[in-house]
Amino acid sequence: MTSALPQLGRSATLSEFRLVWADDLIPPATHPRRRAAVLEHARDQFSRLGLPPSASVTLYRHAFFRLPHPTPPADDAACVEVFGNGMLLARVVCAEGTGCPVRIDVTDWTDDDGRDTRARFLLGTKAQTLGRLVDKLTGGHTLPQLTVTDVRWRWAKTEVLEEIATQFAGVPLIVVRSSAASEDTWLESKAGAYESVIGIDPRDREAVEAACTQVWSSYLQTRPGDEILIQPALTSVQAAGVITTREPLTKAPYYVIECDDSSGRTDTVTQGSGNSRTFYVARDAPAVTGMPAWVTAATSLARELEELIGCDELDIEFALTAEYDGIVLLQVRRLGGRSPQETMPDTSYAIGVHTAKRGMAGVRAAPTLGAGVQLSGMSDWNPAEMIGFRPKPLARSLYEYLITDEVWAQSRHRLGYRDLRGVPLMVDVAGYAFVDVRACLSSFIPATVDDGLAQRLVRHYTDTLRRAPHLHDKIEFDIAATCLDFRWPENATGLGAAGFTADQVEALRRGLLSVTTRALGVPQQAETYFERSARIDSDAADLATAERKLAFIRCDGTPTFADAARAGFVAMSFVRTLVDVGLSTSDHLDAFMTSLHTVSNELVSEGQQVAAGQLPWSTFLSRYRHLRPGTYDIESPTYGSDPDSFLAHFAQPRPRAAVTRILPWPTASTSQVSDALRSLGVDLPAADLARFISDAIELRERVKFDFTRHLSDALETIARHYQARGISRAELAYLRIGDLWMPPGDWAGDVGQLRAVAASRRRAFEHSAHVRLPEYCDGPDRLRWFEVAAAAPNFIGHGRVRAPITVIDGRVTDPSGSVVVIEAADPGHDWIFGYPIAGLVTRYGGANSHMAIRAAELSVPAAIGVGEKLFHRIVREKAIDLDCGARRVMPL
């Protein structure tokens, strides 16, 4: 039931001051929720005066005000008037009162002039804000508290300590928290800048005094308004963490909840220590199931606080405890950064979600095996590593044209896998570059396997992935059997345990034997590629040459690379499983990888030849000038554009031990390797397998190095051509290759049209930035909520290093002596190995990725593909403990 709220200048009884909706409050343009907020606040303030419900109240300004504490006695007053800066704000008339009128002057008041006024009025220091919310929450609790000002601490310390002992006499432990005037302000939180001390016995005055002094000392210099806050320390903590009512960086409309539900502590999330879980819940999401209870409780608390405070940009600390039978509010402050009005995330989010639904509908309808939607940024061809999880249109379209639209499936078909030609591997979902996992897994079924078994295998693989989503970047190693290797007997046993018959397992083995045998012949077949590649080299830098190079890459370069990459994977599968079956050791394989003659080893070796005067600098520069940190990114500089930054450090003299090629297993194990091959049905001597492994790994890197040379040259030619016509590289990045070039030979010339298209695509790209999706996505529900999955890093080598970190974010910097931390690293990031780095950490990347191979070749301790959560923890710190032997990476 609703009732009309009193208008300004009209009277109503105090009992009518309740939170209701009405349309007759002046000024008429004021939103009903703002009107209700002002009246609710006035009712709350007047209730402290002890006035009878029949008192007549008249409001004269649409304002928030706070009565002083303690308030003047007014229980018998005939009239109470509230003034702010000499202006009458409100009058209360008590017909039954016989005392003199009471005038109350308030200094703490503000007109409600629009957005955030109430929030600015209610949010103060940590202690003030919590104090103002006492008894207001219906879905949560606040803790008892004692606030101590700097003046009281300095002049009445003994009295304060006595008060603490008295107020918390029945409490086993207390916490002394910071509540400085300079933290938790409207524009800056200073989160973690000041100390809090947990677990103090309130009866131990020396300990309490020391804790209070420690917190005061962390302020460095006290200012007017500084306080400390004493509260009971929570015990029996079931979960504790932080929820923000918008995504902190973009202000996109998501509740972001990070919580520790295992340690029993309240400070692990804010300190960045311990194991936490992170959930994203769209603000417009309906009630959902499947989330932990603390996610539901935290979002309910957040919604209530948004209503109470009048602000949807909040940063809230909470805990769930048995002693309070529910959720406890520990802190609430405004979420810093730009407001949603500046970033327009809600509109962009709505547009992005609409496009994402269309993208997922296309995936569901794709003619692949399996059912439903399963997407990953790293399952196949690693788009997140090569072009980024949210690539710009030109990079995305080049990757599609050169690889993921058709070439990927043509290669699988040539090597004897199921025919997926005509099915794109990569899909666009709200601007994210996802791999269609069903297409990926379908393409790894040997063509000789019948449709019924193929369907069952893909369903088995997808079900396994749903149960272990952290393996989405390890599908070929840990989910699906895509070739024969020394672990096949174990895989066969696992398939039998999953219900496959012996005949079905044997049918799969025969199919995998066929595709493995074809892969074994790839190195010999691919050698003629380099002769064909040399024939299209040209010093010309015109669009006709760029066109020839792009056509060559698509028709010959990436098809050869796709075959070589598959052969390289088969080689690495044999290498990895040598250790599993005891035919080699991890240390021996590390030495084997270092002995390979790959592009990265040649880059280092030739740099040392330059340093020794054995190779001209011009020759060295000519060979490596095309490399760029973003292979498909037209905005990324080439090594040749800044050789001093990218290449000169390779030519610095440094000791380098001579390397002799060795077998991937100890010589004494050769006969056992031959026996193991025969048991698999692979008709290949051990010596030939060793040759294949070396040749395949080296070939993959050589072909990649060669075709990216043509791609880089084509990008530079396109950039120069259109820059001369007034279109910048930044604008070109937002165009698709089809906007610029329609084979054969038709290059776009309407500059105005191209710039308009680039601007439109840029707006669409910015809209999609406000949609958050996980790196593994198993359906449309992930548009509404998801948990940020913890990844399983791929550790390279067995070394351990404790060192400072250097975050590489597009700028070239000297990382000597540090652990390089980088989101994704394609072949163009080889420049980092020219420095004596201590280690390497990447957010994206698999066990068979470019950087994994590079790190193994150069004996650099590395954690490849640590995932979103751990990566963001690392980049916030200054140093890292990378222990590859223990398979652990810890921020310090």
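Predicted model: local features only at pLDDT ≥ 70, side-chain atom pairs only at ≥ 80, totals over all residues.

User: Why is Cys483 called buried?

Analyst: Buried means under 20% relative accessible area, exposed means over 50%, and partly exposed lies in between (1.4 Å probe, protein chains only). Cys483 has 5% relative accessibility and is therefore buried. Cys884, at 2%, is buried as well.

User: What makes Arg246 and Asp346 a salt bridge?

Analyst: A salt bridge requires a side-chain nitrogen of Lys or Arg within 4 Å of a carboxyl oxygen of Asp or Glu. In Arg246 and Asp346 the closest N and O atoms are 2.8 Å apart, and the pair qualifies. Arg246 lies in the loop between strand E13 (237–244) and strand E14 (254–260), and Asp346 in helix H10 (residues 345–364), so the pair ties together parts that are 100 residues apart in sequence. Helices (H or I, at least four residues) and strands (E, at least two) are DSSP runs, numbered from the N terminus.

User: Are the two partners, Arg246 and Asp346, buried or partly exposed?

Analyst: Arg246 has a relative accessible area of 2% and is buried. Asp346, with 37%, is partly exposed.

User: What makes Arg333 and Asp315 a salt bridge, and which strands hold them?

Analyst: The closest N and O atoms of Arg333 and Asp315 are 3.4 Å apart, and the pair is a salt bridge. Arg333 belongs to strand E17 (residues 326–334) and Asp315 to strand E16 (residues 314–321), so the bridge ties together parts that are 18 residues apart in sequence. Arg333 is buried at 8% relative accessibility, and Asp315 is buried at 13%.

User: Why are Asp675 and Arg678 said to be about one helical turn apart?

Analyst: Both residues are in helix H26 (residues 670–680), and they are separated by about one helical turn because they are three residues apart. Asp675, at 41% relative accessibility, is partly exposed, whereas Arg678, at 56%, is exposed.

User: How many salt bridges does a search of the whole structure find, and which residues are linked in a network of them?

Analyst: The search finds 57 salt bridges. Arg772, Glu775, Glu823, Arg843 and Glu868 are linked in a network.

User: What do the totals for the chain say about burial and secondary structure?

Analyst: Of the 892 residues in the chain, 57% are buried. The secondary structure comes to 32 helices and 31 strands. The C-alpha atoms fill a box of roughly 110 × 65 × 65 Å, taken along the principal axes.

Technical notes: Residues numbered from 1 in each chain as written. Heavy atoms only, no water.
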